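The exercises below concern domain layout, a ligand shell and some backbone details. Work through each task with the structure open, then compare with the solution.

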Amino acid sequence: AGCCGGDNMAAWLHGVDDLRVEPHPAEVDKPLGPNDVRVRVGAVGICGSDVHYLKHMRCADFVVKQPMVIGHEAAGVVVEVGSAVRGLACGDPVALEPGVPCRLCEHCKTGSYNLCEKMEFHATPPVHGSLARFVTHPSDFCYKIPDGMSLEEGAMCEPVSVGVHACRRAGIAPGQKVAILGAGPIGLLSMMVARAFGAAVVVVTDVSDERLKVAIELGADVAVNVKGLSPAEAADKVVGDGGRRPDACVDCCGFESSVATALAAAKSGGKVCLVGMGHIIMSLPITASAAREVDLVGVFRYRDAYPTAIHLVGSGAIDVQPLITHRFSLATNFTSDTINEGFKVSAGGGDAIKVMFDL
Ligand code: NAD
Ligand code: ZN
């Protein structure tokens, strides 16, 4: 259709374990707004929430009621620019920030646009996602990536941005000791961002030795397997023999035991940063928060984080390549089989960290 040449194929979520590649003509047929760009998508990573939608057709309060295009970690090349767009041209490689806020509400006007209640976020129903040949997106949410940075690395800027926002909210600064609880993609990237922000000592916890091995390979100083440990025992290991408590604990799994560990381990006056979203109701040693002035800070996605994420990845301060454990090419073969194979690997646990589709 039009400038984009050929059908716009996309990965549609129809039901539990039902993903199909079908045309998505609206995305290329709709007229380009003056501030929009059309992007030929080149790389899309799969996130835990995409898998969650595939398995449950919902994530928290968001329910998939109509078939929805999945995917929200994307980068591509600009193929068409709206009449008012400045600073982007056809051929530019861009990372797509997937959430577009209303720009009018109090949160938007005060800069906390990630809290906008009218946020339209890729693959959060009813908004279609970006696992498609082409997407149309506001130009100010498309960030040019530098020469030498791949589109896969551009797509990785989405979870890196979560890490950037988490480390900002946790107040991470040079010389600090930081604990990261949970060594999934979010924990590992938060760990790398913490390092880039100057953390001197990084302790990572998980219940999987394989994940902890990766954490050490990526630069963690100490890995603690907390399987079978009480939160108090786990906190003792996080603090370690030297007795230095973390300035900040970043929870990247969202379980009662890990948040309890974080609260018990953090130094007085330190921070516990909640990134993980798992247990909704938790029983926690919350007195630490009052009696020791441990501040609890929440993290919801990110704001103003893409430029920093792109700088960290583009400058080589963070190497995201080792996290991309599996790749599936849709370039000549955008088929349901390939999409389902990729999601199967991502959902299967095992050694998969980040599954990437190359389009
Ligand atoms: P993941 O499931 O791949 O990683 C979680 C890791 O935690 C796993 O390696 C698991 O083995 C480990 N784990 C399980 N129990 C543990 C425990 N008691 N202590 C320590 N580690 C434990 O998930 P992910 O993709 O890395 O995402 C991490 C969390 O962050 C998820 O809860 C996700 O929903 C959340 N998330 C939040 C935001 C946000 O905006 N706040 C954004 C993205 C992801
Ligand atoms: Zn708003």
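**Exercise 1. Domains**

Task: State how far apart the C-alpha centres of domain 1 and domain 2 lie, and describe the contact between the two domains.

Solution. In this predicted model, the C-alpha centres of the two domains are 30 Å apart. Domain 1 covers 2-144 + 320-358, and domain 2 covers 163-298. Next, take the contacts: five residues of domain 1 meet five residues of domain 2. Finally, sort the side of domain 1 that touches domain 2: three of its residues are nonpolar, two are charged and no residue there is polar.

**Exercise 2. The shell around ligand 1**

Task: Find which residues come nearest to ligand 1 and which helices and strands supply at least two residues of its shell. Then classify the shell residues.

At least two residues each are supplied by helix H5 (185-196), strand E14 (201-206) and helix H8 (256-265). The largest share, three residues, belongs to H5.

Step three is the classification, which gives 14 nonpolar, eleven polar and three charged residues.

**Exercise 3. Positive phi**

Task: Locate Met 57 and Arg 301 in the chain, give the phi of each, and decide whether each is buried, exposed or partly exposed.

Solution. Start with the expectation: most residues other than glycine have a negative phi.

Met 57 is not a glycine, yet its phi is positive, about 60°. Met 57 sits in the loop between helix H2 (48-56) and strand E4 (58-59). Because 19 other C-beta atoms lie within 10 Å, Met 57 is partly exposed; a buried residue would need 20 or more.

Arg 301, also not a glycine, has a positive phi of about 55°. Its loop runs between strand E18 (295-298) and helix H10 (306-314). Arg 301 has 18 other C-beta atoms within 10 Å and is therefore partly exposed.

**Exercise 4. A cis peptide bond**

Task: Which type of peptide bond joins Pro 125 and Pro 126, and where does Pro 126 lie?

Solution. Most peptide bonds are trans. Check omega for the bond between Pro 125 and Pro 126: the value is about 10°, and the bond is cis. Then place the residue: Pro 126 is in the loop that connects strand E10 (120-121) with strand E11 (134-138).

Conventions. Residues are numbered from 1 along each chain as its sequence is written. Chains are lettered from A and ligands numbered from 1 in the order in which they are written. This is a predicted model: local features need pLDDT of at least 70, side-chain atom pairs count only at pLDDT 80 or more; totals for chains, interfaces and linings use all residues. Helices (H or I, at least four residues) and strands (E, at least two) are DSSP runs, numbered from the N terminus. A residue is buried if 20 or more other C-beta atoms lie within 10 Å of its own, exposed if 12 or fewer, and partly exposed in between; C-beta atoms are placed from the backbone. A residue is near a molecule or strand if its C-beta atom, placed from the backbone, lies within 6 Å of it. Ala, Val, Leu, Ile, Met, Phe, Trp, Tyr, Cys and Pro count as nonpolar, Asp, Glu, Lys and Arg as charged, and the others, Gly among them, as polar. Domain bounds come from an automatic or database domain assignment. Two residues are in contact if their C-beta atoms, placed from the backbone, lie within 7 Å.
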